[in-house]
Amino acid sequence: MLEKRIVENTLNAALKTGANFAELFVENTRKSNISMINGKVDKALSGIDYGAGLRIFHGNNAVYVYTNDTSEKNMLNMARQASEAIDGQAGSFCNRFNKSDIHNIHSIKIMPDTVSKKQIVDILRSASDSAFQFDRLITQTGSSYIHKIQNILIANSEGLWAEDQRVRTRFSIEAIASSNTEKQSGRFSPGGHLGYELFDQIDVNKISRQAALSAITMLNAVQCPSGKMPVVIDNGFGGVIFHEACGHGLEATSVAKNASVFAGRMGERIASDIVTAIDDGTICNGWGSENIDDEGTPSQKNVLIKDGILKSYLIDKLNAQKMNMKCTGSSRRESYRFAPTSRMTNTYIASGKSTPKEIISATEYGLYAKQMGGGSVDTATGAFNFAVLEGYLIKNGKIAEPVRGATLIGKGSDVLMKIDMVGNNLERAQGMCGSISGSIPTDVGQPMIRVSEMTVGGRG
Amino acid sequence: METNRFQLELMKLASEEGFEDSEIYYAGGKSFEALIFEGEIAHYENSISSGVSFRGIFEGKMGYSYSEQIEMECIPFLVKEAKENAQIMENDEKEPLFEGEKSYSQIEGYHEALCNVTVLDQINAAKQMELSAKEYAEEIKTVNYCLTAYQEGEIAITNTKGLSVRFRDNYQTAYISAIAQMDDDIKTGSEFFAGTKFESFLPKKIGKAAAEKAVMYLGAKSIQSSIYSIVLSNLSAASLLSTFSVIFFGDNVQKGFSLLSNKLDSQIGSNILTIRDDGLLKDGMASIPFDSEGVGTQNKAVVENGILKTFLYNLKSAVKENKSSTGNGFKTSFQSSVQTACTNFYIQKGSKSLDDLFEKMGEGLYITELSGLHAGTNTVSGDFSLLAEGFWIEDGKIKYPIEQITVAGNFYTLLEQIYDIGNDLRFQLPGGSGVFGSPALLIEKMAVSGL
């Protein structure tokens with residue numbers, strides 16, 4: 001993507017004032033995005049993201065520069081600017097690259113840019129029709145499609161030269177149900193590190209009917225009662241709870257600064273003993289998967305918590321150096337506009353022993369959170385919040401009336417200890433995770449779990 | 001790459017390929033940021049970037065494409081994609097290109113003095129900010145973010161209808177977050193600066209303010225679930241306003257995503273409530289003489305004394321109702337199509353100080369932080385249920401800090417329940433589209449869940 005000579009000269013110019021490491025990331029990405037409102041194409045956009053980011057380390061500190069003018073003149077100018085942020089003696093130079101053989105574990109069957117836009121439009125329309133036809137209460141739909149083909153080159157002063165291609169495709173449907181005074185929505189957004197074959201793997205019409213059902217159920221729901229109660233969180237997107245409440249606190253970004261409740265607790269019990277949690281960037285065609293991370297380290301399967309004991313953090317190169325620990329293949333970034341840092345890939349709580357039926361019937365009274373919305377967390381304190389998109393009360397061990405407007409709040413460290421049942425129905429769901437290195441695709445996941453007590457916020 | 005030649009070639013090919021009219025939107029800029037950790041520059045970042053967005057009318061429909069690579073070789077891709085995108089468009093709404101205003105308001109966007117601030121001055125300021133937070137109290141364990149940043153940008157729009165506009169601006173921001181700890185209790189406090197004059201950036205004051213907040217939250221407890229009177233702090237009110245600002249967008253009303261349709265010229269809020277969208281606000285962080293379609297921006301009341309005066313329109317949504325654009329057609333970046341967005345969008349200040357509001361409330365909650373706005377809100381129904389932090393107020397005075405509660409309500413109802421308005425109007429950090437501001441608001445009652 002960039003001539004070897006320019007890469008070499010840029011890295012060497014960057015190392016001139018004593019940096020101990022220099023790395024260049026070049027990206028050429030083609031994106032296409034089509035969205036439909038009420039069965040009509042409302043937006044269609046496509047384009048090229050292109051640029052290079054240069055990062056150097058000086059001890060444990062980093063300098064990052066980026067540009068989309070990759071002419072040799074400008075690249076050398078950027079390298080000089082970066083090196084001027086450091087004052088030291090000339091460091092080691094690099095003059096030989098070892099081309100990495102990248103083992104591609106995510107085969108792409110149909111490149112999405114070879115499919116006509118009309119074909120995509122037909123799929124989106126069919127999704128919208130399915131939602132509308134499901135019930136007369138469905139008054140609006142939004143369906144959308146996105147693909148992204150990212151070509152990357154990573155070269156560094158240790159001699160790494162790695163090139164890879166990442167292809168991601170995603171579909172989304174939102175159905176809105178209305179009564180005279182209310183509107184409620186249901187939404188699903190499946191996707192993967194794959195091409196157009198996504199549509200062979202999912203049933204767009206079935207998913208759209210599910211979104212419609214969820215919206216209608218919530219339209220008839222009463223306001224959720226508030227207070228402390230047992231909460232059963234369903235599988236799939238329910239895993240967002242672990243992602244927010246715990247995953248972010250295990251990222252070296254906050255651990256290295258001692259700004260996480262999980263810092264310094266390796267080997268200690270941080271969750272109840274039925275909890276095992278994993279971050280796996282190698283899942284075949286997984287939405288958050290990639291062959292190599294954005295520093296060129298091969299992706300790994302990292303066991304974060306084993307039977308309640310903290311086993312691993314998520315660590316990037318710079319923080320590995322600071323923490324004196326190994327990289328975990330977890331360094332990610334949205335694009336060349338961001339310096340990479342430790343992030344999640346596909347993160348989930350592993351399956352346990354209970355069946356979903358056992359979990360519900362063991363709960364006298366509580367909240368059943370069937371569909372979770374998004375949330376956020378303050379990693380320093382672990383305080384989190386999540387929205388419940390589709391919720392029900394549990395009464396006498398049975399799922400009772402639907403409730404809406406519920407929010408779950410708590411502290412990650414408390415909740416992990418209070419997980420008292422883990423189901424056997426692990427499922428993953430796709431999301432976009434925003435943090436300091438931008439917005440990146442990640443999977444969340446879990447089987448159905450029960451938290452013995454949680455604060456539920458609602459208006460009922 | 002010569003931008004002029006690129007533009008000419010692009011428009012030429014577009015015309016040859018059958019585009020009736022076309023437009024090129026260029027955005028470029030520079031940025032600098034430094035992150036200080038324990039007195040050292042932990043992260044230092046510089047950037048120079050630019051991109052073009054192309055759009056044109058093909059067979060009566062608008063097609064978009066963009067590229068960050070401004071090279072001749074990308075021109076065929078831009079034209080081909082824009083054409084294909086136009087061909088699949090199905091909404092019958094006309095999206096016109098604009099020929100330009102006769103004249104535009106003058107706005108001082110670019111501040112020479114700010115551009116001349118040295119990197120060393122920037123870094124020293126950030127180091128002072130970190131130090132003053134750390135020295136504030138022994139409970140301050142660490143400063144987890146201490147950032148100083150400078151940004152400048154340029155936008156130029158040219159089209160075949162004769163529009164040709166250009167605007168440059170620059171600004172400075174700084175942000176700090178401090179962590180306080182007492183035994184097992186950990187709290188964070190943050191503060192920021194955003195402005196166009198480096199002299200107004202007072203690092204010691206900001207550092208101290210962040211630390212002070214973190215320490216004040218120590219020892220916080222939850223409270224009994226109930227209905228309470230509430231004072232929303234200026235920034236927490238601004239964040240709610242930001243999330244729900246979309247209900248005032250003309251296109252959302254047309255698509256049925258807002259419950260304000262048919263409410264024009266009727267009372268939708270308390271009669272002391274005035275909300276303005278002012279694209280020309282002096283020193284406003286979102287001030288700009290024209291929007292992304294080249295339409296001049298305005299200073300207008302969206303809600304005045306509780307009466308809904310106007311929605312926010314771009315050219316497309318305005319045409320639909322036979323109205324004029326209000327100058328709110330913006331692209332969030334050159335990668336996006338024209339949407340509706342706010343400029344400087346704020347609740348006009350009242351006369352009461354924060355203490356006056358506490359006194360008027362007597363007993364209740366002072367909410368200073370709201371989290372999870374992207375998740376715990378439903379912009380269609382107006383419902384929200386959000387994690388909150390703040391203080392318990394008794395006899396008009398702050399008694400103790402509160403945590404682990406949620407406040408729940410409905411934005412439409414909240415507008416009606418604004419009982420009084422403070423005089424402490426403050427804007428949020430700029431970012432994304434629009435900048436939002438509010439003074440503190442006294443709200444009659446809100447559902448709070450805690451213990």
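Guide: Let us begin with the term itself: two strands pair if DSSP finds at least two bridges between them. The model before us is predicted. In chain A, strand β11 (residues 277-280) and strand β16 (residues 346-349) are joined by 3 bridges and run antiparallel. Within this part of the chain, Ile278(A) lies opposite Tyr348(A) of β16(A).

Visitor: In what order do the strands of the open sheet in chain A stand?

Guide: In general, the strands of a sheet pair through backbone hydrogen bonds, either parallel or antiparallel. Here the open sheet has 6 strands with mixed pairing, in the order β13-β12-β11-β16-β23-β22 (chain A). Because β13 (309-310) and β22 (427-435) of chain A have a single partner strand each, one side of each edge strand is left without a neighbour in the sheet.

Visitor: Which helix packs on the sheet?

Guide: That is helix α6 (residues 240-247) of chain A, which touches β11, β12 (301-306), β16, β22 and β23 (438-446) of chain A. The direction of α6 makes about 120° with that of β23(A).

Visitor: Turning to chain B, how many residues of strand β4 (residues 140-159) are buried?

Guide: Buried means under 20% relative accessible area. For β4(B), 14 of its 20 residues are buried, and the strand is mostly covered. Strand β1 (residues 19-37) of chain B pairs with β4(B) in the antiparallel sense over 13 bridges, with Tyr26(B) opposite Ala156(B). Strand β5 (residues 164-182) of chain B also pairs antiparallel with β4(B), over 17 bridges, and Gly153(B) stands opposite Asp169(B).

Visitor: Which residue takes a positive phi in the hairpin of β4(B) and β5(B)?

Guide: Gly162(B) does, with a phi near 110°; the hairpin has 4 residues between the strands.

Methods: Residues numbered from 1 in each chain as written. Chains lettered and ligands numbered in written order. Predicted model: local features only at pLDDT ≥ 70, side-chain atom pairs only at ≥ 80, totals over all residues. Heavy atoms only, no water. Helix = DSSP H or I, 4+ residues; strand = E, 2+ residues; numbered from the N terminus. Contact = heavy atoms within 4.5 Å. Axes fitted to C-alpha atoms, helices over the stretch in contact; angles between N-to-C directions. Buried < 20%, exposed > 50% of the residue type's maximum accessible area, 1.4 Å probe, protein only.
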